[in-house]
Amino acid sequence: MSALDEPLKKILGGTTAKVMAEQLGLNTVGDLLHHYPRRYAERGELTRLSDLPLDEHVTVVARVADARVLKFNNGRGQRLEVTLTDGSGRLQLVFFGKGIHKPHKELLPGRRAMFAGKVSVFNRKLQLAHPEYALLDGEDGEEAVDAFAGRLMPIYPACQQMASWKIAKAVDAVLPSAREALDPLPEALRAGRALLPLPEALEKVHRPRTKADIEDARSRLKWDEAFVLQVALARRRMAETQLPATPRPLTPGGLLDAFDAKLPFTLTEGQQKVSREIFDDLATDHPMHRLLQGEVGSGKTMVALRAMLAVVDTGGQAAMLAPTEVLAQQHHRSITEMMGELAEGGMLGGAEQGTKVVLLTGSMGAAARRQALLDLVTGEAGIVIGTHALIEDKVQFHDLGLVVVDEQHRFGVEQRDALRGKGKQPPHLLVMTATPIPRTVAMTVFGDLETSVLDQLPAGRSPIASHVVPAKDKPHFLARAWERVREEVEAGHQAYVVCPRIGDEEDAPKGKDAKKKSAEEAAAGEDKRPPLAVLEVADQLAKGPLAGLRVEVLHGRMHPDDKDAVMRRFAAGEVDALVATTVIEVGVNVPNATAMVIMDADRFGVSQLHQLRGRVGRGSAPGLCLLVSEMPEASPARARLAAVAGTLDGFELSRIDLEQRREGDVLGQAQSGARTSLRMLAVIEDEQVIEAAREEATTVVTTDPELTGYPELRTALQALLDAEREQYLDKG
């Protein structure tokens with residue numbers, strides 16, 4: 001067993017190892033060596049007292065300005081208050097009860113120490129309650145000062161039970177093992193790019209002597225992550241090109257030509273270009289793997305439908321996989337409408353070269369389901385649209401030629417594979433997403449797919465005006481928002497009102513959780529109200545600002561038939577305002593809906609707001625999107641909303657979104673498992689590393705697909721893929 005696989009409890013003892021495993025997910029020596037410092041503090045620099053972030057664990061170095069014991073509860077209780085200063089600001093520490101004796105003796109005015117704890121607010125002042133501390137002067141502090149002076153101190157991602165300096169101590173204990181780290185980078189690549197050997201990089205990232213050490217270590221460790229990941233993706237791409245597929249060349253005079261002939265508009269240049277790329281891929285004898293990114297409303301469904309028709313023309317079948325039932329039904333409805341009589345193959349009144357388009361979802365009745373399964377296995381149905389139900393074992397196809405996956409980030413690689421296993425030969429694959437993905441993220445997350453981008457809106461689409469409505473600062477703005485909704489309805493249009501939660505008791509935290517929550521909120525002095533709920537808001541609107549209008553609700557916990565009935569009524573114009581959760585986020589298409597009011601908009605992510613907004617302005621009348629928030633003007637949440645209101649460019653927004661959140665979230669949404677194991681690589685900033693790593697990885701895999709000449713790289717790859725599989729099983 002290599003030294004890096006040693007369990008931590010052998011080296012650090014049971015208690016420490018247990019906290020590391022449970023709180024930080026670190027189990028082996030290797031895990032701890034790859035738990036990199038978040039930043040480095042120079043002596044006395046740390047977090048300045050003037051820059052303390054609320055609710056975060058911080059480490060500060062400061063001097064004690066004064067200390068006093070105060071009595072409360074008629075003298076029965078006592079607390080120690082210590083004021084710290086570091087020249088930039090002041091900070092209060094408090095200790096209660098028996099916990100005051102030791103700090104009272106040690107934290108005397110003038111002493112310097114390191115303090116770690118969670119920043120909270122009490123009486124409008126920042127404070128740390130019961131912080132951990134280590135003295136930096138006095139008799140026993142000399143060595144600490146020396147060890148600390150002029151050194152770059154690593155500050156580790158820490159948790160309440162394990163402060164940064166305790167992690168640093170643990171790293172000291174395992175650092176000698178770094179010498180045995182296996183280097184996954186091929187020697188030629190490492191030398192050619194002047195990168196440090198891995199043991200040296202680990203040594204320098206944890207115990208740098210200079211800032212240059214940190215830079216060198218980081219650029220080496222970024223390469224590890226980027227390269228191993230790109231090799232995994234390159235091998236996947238290579239394996240795909242080795243697979244056989246049935247070529248599906250364009251067949252003149254078939255279903256596709258008949259469909260194109262009856263289109264009432266011309267396709268945009270973008271749609272034509274992407275369609276050509278897809279048709280070229282479909283005609284080859286290995287499976288297409290293409291990611292189609294397009295803004296909300298750029299006409300992706302049209303491109304996908306034409307690809308499906310081209311496959312049906314060759315005698316094959318096409319399956320479209322949607323993440324929710326609402327969306328599957330919506331796609332089924334819009335595709336059958338677009339195709340008209342061409343979707344009624346084999347039926348009376350159907351076109352001669354038509355085909356059957358069937359829907360398959362989990363909640364269908366037994367008879368309808370049996371019929372759909374039969375149509376698939378006989379080949380009667382050329383196109384099937386469905387949810388995860390399509391992946392089940394019972395579903396069999398006559399000849400599956402193309403799989404279209406909508407909103408890829410909802411499906412892992414394994415689900416794609418399961419559906420692909422249903423073809424006699426691997427089917428072609430088209431993956432669509434309306435969440436714009438910056439190029440580097442696409443290379444990191446969907447590196448096994450070729451990418452096409454649709455970036456122009458079809459003619460007849462109207463611009464959407466977006467505004468932030470500060471409900472707390474300016475309540476009259478909110479009143480005006482409801483007037484605007486009434487005006488839209490009077491003009492013959494419809495509106496959506498979106499809320500973050502449903503609002504029946506199932507939402508409320510139960511039992512212990514509820515108590516814990518309220519105790520936490522009370523302790524933090526918060527009176528945060530729960531997010532607004534569909535059922536309450538709908539009720540208030542129907543009785544208040546939207547009285548007299550036809551207001552209905554839609555949310556995920558309704559019975560599928562009821563959901564579908566509401567959507568049909570809304571689409572038919574029988575509902576004026578639809579109060580809904582984010583079930584409407586993806587793919588709902590009602591051209592007559594022109595206004596959207598998003599309540600508590602600060603509780604949604606940037607890309608989610610962008611998706612939601614794409615539901616209006618789908619017809620010829622201009623769209624209006626109002627982002628209602630009670631957050632104060634200077635808050636980061638309001639800055640996010642202003643960014644969304646300020647641009648309709650999804651790629652720009654996805655960049656803002658990524659800069660504000662950590663990549664982990666984005667990658668985590670996008671893929672199962674180890675893709676989120678990027679600890680050092682920042683997907684947006686490290687574009688060049690990712691591109692270069694992709695080229696190097698492709699070269700290595702092309703010359704040595706089995707990596708026979710690279711045993712260390714093989715080991716690193718197995719570790720990455722194991723973690724990915726393991727995570728996938730956890731998720732399943």
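The questions and answers below cover a helix, aromatic pairs and salt bridges in this predicted model.

Trainee: How far apart are the end C-alpha atoms of helix H12, and what span should its 14 residues give?

Mentor: H12 covers residues 300-313. The expected span takes 1.5 Å times one less than the number of residues. That should give 20 Å for H12, and the end C-alpha atoms agree, being 20 Å apart.

Trainee: How many of the residues of H12 are buried?

Mentor: Buried means under 20% relative accessible area. Lys-300 and Arg-306 are among the buried residues, and so are Met-302, Val-303 and Leu-305. H12 is mostly covered, and the buried count is 12 of 14.

Trainee: Which residue just after H12 takes a positive phi?

Mentor: Look just after the helix. The phi there is about 90 degrees, and the residue is Gly-315.

Trainee: Which geometry does the aromatic pair of Phe-72 and Phe-96 have?

Mentor: A search of the whole structure finds four aromatic pairs. In the pair of Phe-72 and Phe-96, the centres are 6.3 Å apart and the planes make 90 degrees. Planes over 60 degrees apart count as edge-to-face. The pair of Phe-72 and Phe-96 is therefore edge-to-face.

Trainee: How many residues apart in sequence are the parts that this pair ties together?

Mentor: Phe-72 lies in strand E2, residues 57-72. Phe-96 lies in strand E4, residues 90-96. The pair therefore ties together parts that are 24 residues apart.

Trainee: Are Phe-72 and Phe-96 buried, partly exposed or exposed?

Mentor: Phe-72 has 32%. Phe-96 has 36%. Phe-72 and Phe-96 therefore both count as partly exposed.

Trainee: Which geometry does the pair of Phe-115 and Tyr-133 have?

Mentor: Its centres are 6.1 Å apart, with 40 degrees between the planes. Under 30 degrees would be stacked, and over 60 edge-to-face. The pair of Phe-115 and Tyr-133 is tilted.

Trainee: Which strands hold Phe-115 and Tyr-133?

Mentor: The pair links distant parts of the chain, 18 residues apart. Phe-115 is buried at 0% relative accessible area, and Tyr-133 is buried at 18%. Phe-115 is in strand E5 and Tyr-133 in strand E7.

Trainee: Which residues form one aromatic cluster with Phe-115?

Mentor: Tyr-133 belongs to the cluster. The cluster also takes in a further Phe.

Trainee: How many residues apart are Asp-172 and Arg-207?

Mentor: The salt bridge count comes to 35. Asp-172 and Arg-207 meet in one of them, at 2.7 Å, N to O. Asp-172 is in helix H6, and Arg-207 is in the loop between helix H8 and helix H9. The separation is 35 residues.

Trainee: In which helix do Asp-224 and Arg-220 lie?

Mentor: Their side chains meet in a salt bridge at 2.5 Å, N to O. Asp-224 is buried at 10%, and Arg-220 is buried at 0%. They sit four residues apart, about one turn, in helix H9.

Conventions. Residues numbered from 1 in each chain as written. Predicted model: local features only at pLDDT ≥ 70, side-chain atom pairs only at ≥ 80, totals over all residues. Heavy atoms only, no water. Helix = DSSP H or I, 4+ residues; strand = E, 2+ residues; numbered from the N terminus. Buried < 20%, exposed > 50% of the residue type's maximum accessible area, 1.4 Å probe, protein only. Phe/Tyr/Trp six-rings, centres within 6.5 Å; stacked < 30°, edge-to-face > 60°. Salt bridge = Lys/Arg side-chain N within 4 Å of Asp/Glu carboxyl O.
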